[in-house]
Amino acid sequence: MIYLDNAATSFPKPSCVCREMDRCMREYCANPGRGGHALSLRAGMAVNRARDTVCRLFNIRDPMRLAFTKNATEALNIAIKGLVYPGCHVITTPMEHNAVMRPLRTLERDMGIEISVVKGNDFGEIDPFDIRREIKKNTVLIVSTLSSNVNGIIMPVAEIGRTAREYGIPFLVDASQGAGSLPVDVEAWRIDMLAFPGHKGLMGPQGTGGLFVREGIRLRTLMEGGTGSNSEYVYQPEIMPDMLESGTLNTPGIVGLGAGADYVLKIGTGTIHEYKSRLTRLLADGLAQIPGVRLYSFADGDRNSGIVAMNLADMDPAKLSFILDKDFGICTRAGLHCSPAAHVMLGTSGRGSVRFSVGCFNTENDVIYAVEAVERIAFNAAL
Ligand SMILES: Cc1ncc(COP(=O)(O)O)c(C=O)c1O
């Protein structure tokens with residue numbers, strides 16, 4: 001089996017992730033932060049170790065500003081819904097995932113917020129100056145994906161961050177694609193809130209993610225409950241991360257996420273991105289040679305986080321993805337990838353596309369085999 005669906009969830013996981021999760025479950029998985037006994041303290045320390053490790057990866061100086069969530073979607077909802085209010089204005093890009101667009105559109109319909117989506121070129125690339133042009137007196141948030149989950153295009157996040165800081169507007173980045181391989185630095189890129197999943201490039205298990213919130217950004221909570229702190233206080237504690245971490249945490253998952261982030265730190269995001277870029281170029285260049293193939297991604301690692309989106313003539317992408325799986329044992333994803341607006345930009349909004357996404361455990365042979373598989377399917381379809 002060749003797994004080329006790493007943009008959905010990375011697979012396989014490094015063995016250190018499985019080992020640390022297993023150890024947690026067997027040796028100390030008590031409730032962290034809820035008791036003074038030895039196992040609760042050990043679980044709490046393990047969670048905080050994971051917090052420190054993830055913070056090192058993103059250059060977050062104060063680990064207490066990082067709250068764990070169950071995925072990127074939850075983190076994005078907490079950030080967006082916690083900040084906006086009726087009549088305010090939000091700026092975003094045309095390549096956002098539904099995890100950003102659905103909360104925004106729902107708030108537009110139910111609360112009357114105003115949304116500006118800047119335009120992009122045929123690959124969804126935006127000019128950061130267009131973000132600046134959209135700023136108004138009531139703009140309270142700028143949201144950008146780090147990289148598109150449809151075609152891998154990398155957004156000019158550092159430039160957008162500079163503009164946002166200049167105008168004093170909070171800047172939220174969805175790092176779902178690219179975290180773990182691109183050099184995310186919340187200080188250098190002036191990111192005020194960073195939402196990320198644990199189960200993609202950070203190599204952790206599903207059910208994990210997180211949200212960094214810079215000191216000074218005030219969010220309303222979406223959920224209140226037990227935090228193990230200030231229990232006598234009738235309202236939600238305002239200290240981070242407790243404010244955003246109600247209820248029992250996913251301790252084994254967070255431990256796995258910490259081990260995954262540690263693995264990434266040891267290899268280095270630069271090395272991972274370089275390796276993935278080599279595979280991406282091989283894949284894109286190989287597919288581009290096949291008659292009938294239309295690519296929607298750049299081959300160049302400076303502009304692509306590791307995704308190749310394509311279609312084969314007028315074949316339904318779902319059919320192509322199905323044949324790749326059934327006849328060749330290759331896992332890809334077909335359709336609209338939860339980002340309908342991105343498909344409008346790419347001109348694929350009717351049927352979507354087939355997405356190949358490489359991970360750091362793929363090899364050149366995987367990629368060569370995938371190209372040959374598409375070549376055979378194209379040949380058979382032409383007969
Ligand atoms: C760009 C982007 N944003 C958000 C998400 C949602 O991530 P999660 O499934 O962890 O909530 C995804 C998932 O594919 C994504 O690619």
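Q: What is the strand order in the open sheet of four strands?
A: In this predicted model, the open sheet of four strands runs in the order β9-β10-β13-β12, and its pairing is antiparallel. Strands here are DSSP runs (E, at least two residues) and helices are DSSP runs too (H or I, at least four residues), both numbered from the N terminus. Two strands pair if DSSP finds at least two bridges between them.

Q: Which are the edge strands?
A: They are β9 (293-295) and β12 (333-335), each of which pairs on one side only. On average, neighbouring strands of this sheet are turned by 30 degrees against each other, direction ignored. Axes for such angles are lines fitted to C-alpha atoms, for helices over the stretch in contact, and angles run from 0 to 180 degrees between N-to-C directions.

Q: Over how many bridges do β10 and β13 pair?
A: Strand β10 (residues 307-312) and strand β13 (residues 353-357) pair over four bridges, in the antiparallel sense. Met310 has Val354 in β13 as its bridge partner.

Q: How should I read the numbering and the confidence limits?
A: Residues are numbered from 1 along each chain as its sequence is written. As the model is predicted, local features need pLDDT of at least 70 and side-chain atom pairs count only at pLDDT 80 or more, while totals for chains, interfaces and linings use all residues.

Q: Changing topic, what domains is the protein divided into?
A: There is domain 1 (15-267) and domain 2 (268-382), with bounds that come from an automatic or database domain assignment. Their centres, taken over C-alpha atoms, are separated by 28 Å.

Q: How many residues of each domain are in contact with the other?
A: 25 residues of domain 1 are in contact with 25 residues of domain 2; contact requires C-beta atoms, placed from the backbone, to lie within 7 Å. On the side of domain 1 that touches domain 2, the elements giving two or more residues are α4 (98-111) and α7 (251-267). The residues of that side divide into eleven nonpolar, 13 polar and one charged. In this scheme Ala, Val, Leu, Ile, Met, Phe, Trp, Tyr, Cys and Pro count as nonpolar, Asp, Glu, Lys and Arg as charged, and the others, Gly among them, as polar.

Q: And what surrounds the ligand?
A: 13 residues surround the ligand, and the closest are Asn71, Thr73, Asn149, Ser176 and Pro197. A residue is near a molecule if its C-beta atom, placed from the backbone, lies within 6 Å of it. The shell divides into four nonpolar, eight polar and one charged.

Q: Is Gly209 buried or exposed?
A: Gly209 is buried, because 29 other C-beta atoms lie within 10 Å. The cut-offs are 20 or more such atoms within 10 Å for buried, 12 or fewer for exposed, and partly exposed in between, with C-beta atoms placed from the backbone. Gly209 belongs to strand β8 (residues 209-213). Leaving aside neighbours within four places in sequence, its contacts include Asn71 and Pro197.

Q: How far apart are Gly209 and Lys70?
A: They are 139 residues apart in sequence and 5.3 Å apart in space, C-alpha to C-alpha.

Q: Where is Met203, and what is its phi?
A: Met203 is in the loop between β7 (193-197) and β8. Its phi is positive, about 70 degrees, although Met203 is not a glycine.

Definitions and conventions. Contact = placed C-beta atoms within 7 Å.
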